[in-house]
Amino acid sequence: MRALVTLVRTGYFDKAAIGALRPGFAFSIVSGQPAGPRIEPVERTARELLVGTVVLEPGPPDASGVPAFNNPGLLVLLAPRPDWMGRVTAVGQLAGGDETLAKLVQRPTSGEGGLPPWKPVAPLTIGSVRVIENP
């Protein structure tokens, strides 16, 4: 988790793009910086994964189907994901922003068949990402 906090505090996610926006699933926050380090170990989260939960983007699954490492990308859940409990690393919860999420999911995307799939039609960027401990 320390690696993620360092990335956030050094501005790794400032002016990041929303790379994919899949209503009812999640949206990804992708840094425009050179690729960051793999984040290990994977800390499998046992808490509920609700709308607005922020998780690390899982790397490819190992033979058991569980990621061996996390990529330095973030996913913000747009629906509960009980099937991911114990399989991904939750790093936080979106603080406020329910109104922003509601507007965001209405933005047009390339859809499932698009190349790449679910890419926002118009570029969407995030001004900055902050770490707030125990809000």
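Reader: What does the protein average in pLDDT?
Author: Happy to start there: this predicted model averages a pLDDT of 83, and 95% of the residues score at least 70. Here pLDDT is the predictor's confidence in each residue, from 0 to 100. Local features need pLDDT of at least 70, side-chain atom pairs count only at pLDDT 80 or more, and totals for chains, interfaces and linings use all residues. Residues are numbered from 1 along each chain as its sequence is written, and side-chain values use heavy atoms, leaving out hydrogens and water.

Reader: Why is the contact of Arg81 and Asp83 called a salt bridge?
Author: A salt bridge needs a side-chain nitrogen of Lys or Arg within 4 Å of a carboxyl oxygen of Asp or Glu. Arg81 and Asp83 meet at 2.5 Å, N to O, so the pair qualifies.

Reader: What makes Arg81 buried?
Author: Buried means under 20% relative accessible area, exposed over 50%, and partly exposed in between (1.4 Å probe, protein chains only). Arg81 has 14%, so it is buried.

Reader: Why are Lys103 and Glu99 separated by about one helical turn?
Author: Because they sit four residues apart in helix α2 (residues 98-104); helices are DSSP runs of H or I, at least four residues, numbered from the N terminus.

Reader: What makes Lys103 exposed?
Author: Lys103 has a relative accessible area of 52%, over the 50% limit, so it is exposed. Glu99, at 59%, counts as exposed as well.

Technical notes: Helices (H or I, at least four residues) and strands (E, at least two) are DSSP runs, numbered from the N terminus.
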